[in-house]
Amino acid sequence: MAEVLSQSQIDALLSAARSGEMKLGQEEQSTEKKYRKYDFYSPRKFTKDRLKMICGVFENYTRIVNSRINGLLHTTCEISVESVEEQRYYEFSNALSDGDVLTLADVEMDGQTQSEESPVLLHFSTALMLNMMDRLMGGDGDGSDAVPSGYTFTTVELKLYENIVKDFISVMGSSWENYIDLNFVYRRVESNPTLVQLIGLDETVVIIGINLRFPNGSGRMNICLPGTMLTTIFAKIAAMNQVGRGSGENNTEEIMGILRDSDLEITAELGRTDVTLRDICQLNVGDVIDLGHSTQEPIYLYIGDQPWFSGKLGTQGGNMAVKIAETCHIQKREEK
């Protein structure tokens, strides 16, 4: 209970404030230097740049899965990434209840499974999943917010649950394609995750929180990525980038070797002139058109729409030819 001041104590405080002995609105400044606390028991494995990269990957994932939901449930849905946090698995596990359901998925990289012992976990809030099930069966999703605590899914609902999450998992690999080729494969649905140790309790994981909002309901989807799997993926991405930087010169030579045999059309512009339509109608075989081009002026060779070479008109082996004099670095001349 808060201490109540007597009238004499109140008068003494007011008197001290008026005389300047006590300054109001100022807190005592501590001379002790403050330090940021560091947990040596659970050190951070991933830098802010890595977490930012994961956030960008799953922002791309929300855009991909949004179109899938709209087509599957025939409704509009707003999806956004709310959080990307590095935690210990027991923090994620302790937040689960007996009625929750977890979906397990494996990650394949270079044809090999990377998450046999530590799978990727997906968790949907019960209200959100019931809303999607109702829409999948032709309903409008009403009533899913009034779900009692500890709700247990029936066998039929678990089968619908499985069909929905398979769609979510099937497109997850597409969100990583800017960095690496991954394939996420559905494993199974675990209806009582609190009794099964899926990942080591002290293992580092990254939790991605995604919010889904329908016209008459909303919910949260959590994706748990094991730290060991992410470490392998980041190492592979770093190796690919290193190889790309080291072999760029060889790739350039290989590309140029392929392009050297490509066919290009070269056009020689012998001259330009203006002719009336009447003159064109009266042209006959054997008539000569004056192009107004002096033999002393250069002939330009065009590749595409750009002049690349200049030369002199002549003959070779009884055929008309152009002898290249120099390479042009001028822009295409404006048509007269």
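User: Which element gives the largest share, five residues, of the lining of the largest cavity?

Analyst: The model is predicted and its residues are numbered from 1 along each chain as the sequence is written; local features need pLDDT of at least 70, side-chain atom pairs count only at pLDDT 80 or more, and totals for chains, interfaces and linings use all residues. Side-chain values rest on heavy atoms, with hydrogens and water left out. Helices (DSSP runs of H or I, at least four residues) and strands (runs of E, at least two) are numbered from the N terminus, and a cavity is a set of points on a 1 Å grid over the protein atoms alone where a 1.4 Å probe fits but cannot get out, its lining residues having an atom within 4 Å of a point. On that basis, the largest share of the lining, five residues, comes from helix 2.

User: How much space lies in the largest cavity?

Analyst: A search of the whole structure finds one cavity of 30 Å³ or more. Grid points are joined across faces, edges and corners, and a volume is the space filled by probe spheres set on the points. The space in the largest cavity comes to about 40 Å³.

User: How many charged residues does the lining of the largest cavity have?

Analyst: The lining consists of Val65, Arg68, Ile69, Leu72, Leu73, Met132, Ile164, Asp167 and Phe168, and the elements that give two or more residues to it are helix 2 and helix 5 (155-170). Ala, Val, Leu, Ile, Met, Phe, Trp, Tyr, Cys and Pro count as nonpolar, Asp, Glu, Lys and Arg as charged, and the others, Gly among them, as polar. By class, seven lining residues are nonpolar, none is polar, and the number that are charged is two.

User: How many of the 11 residues of strand 6 are buried?

Analyst: Strand 6 runs antiparallel to strand 1 (residues 78-88), to which 10 bridges join it, and Ile79 stands opposite Leu212. It is also joined by 10 bridges to antiparallel strand 7 (residues 217-226), with two residues between these strands in a hairpin; two strands count as paired if DSSP finds at least two bridges between them. Strand 6 is largely enclosed by the rest of the structure, because the number of its residues that are buried is 10.

User: Which residue just after helix 4 takes a positive phi?

Analyst: Helix 4 (residues 126-136) is largely enclosed by the rest of the structure, because nine of its 11 residues are buried. What covers those buried residues includes helix 2, strand 4 (120-124), helix 5, strand 6 and strand 7. Just after this helix, a positive phi of about 105° is taken by Gly138.

User: Is His74 buried or exposed?

Analyst: His74 is found in the loop between helix 2 and strand 1, and its phi is near 55°, a positive value in a residue other than glycine. Because its relative accessibility is 69%, His74 counts as exposed.

Key: Buried < 20%, exposed > 50% of the residue type's maximum accessible area, 1.4 Å probe, protein only. 1 Å grid on protein atoms, 1.4 Å probe; cavity = no way out; pocket = protein on both sides within 12 Å on 5 of 7 lines; lining within 4 Å. Contact = heavy atoms within 4.5 Å.
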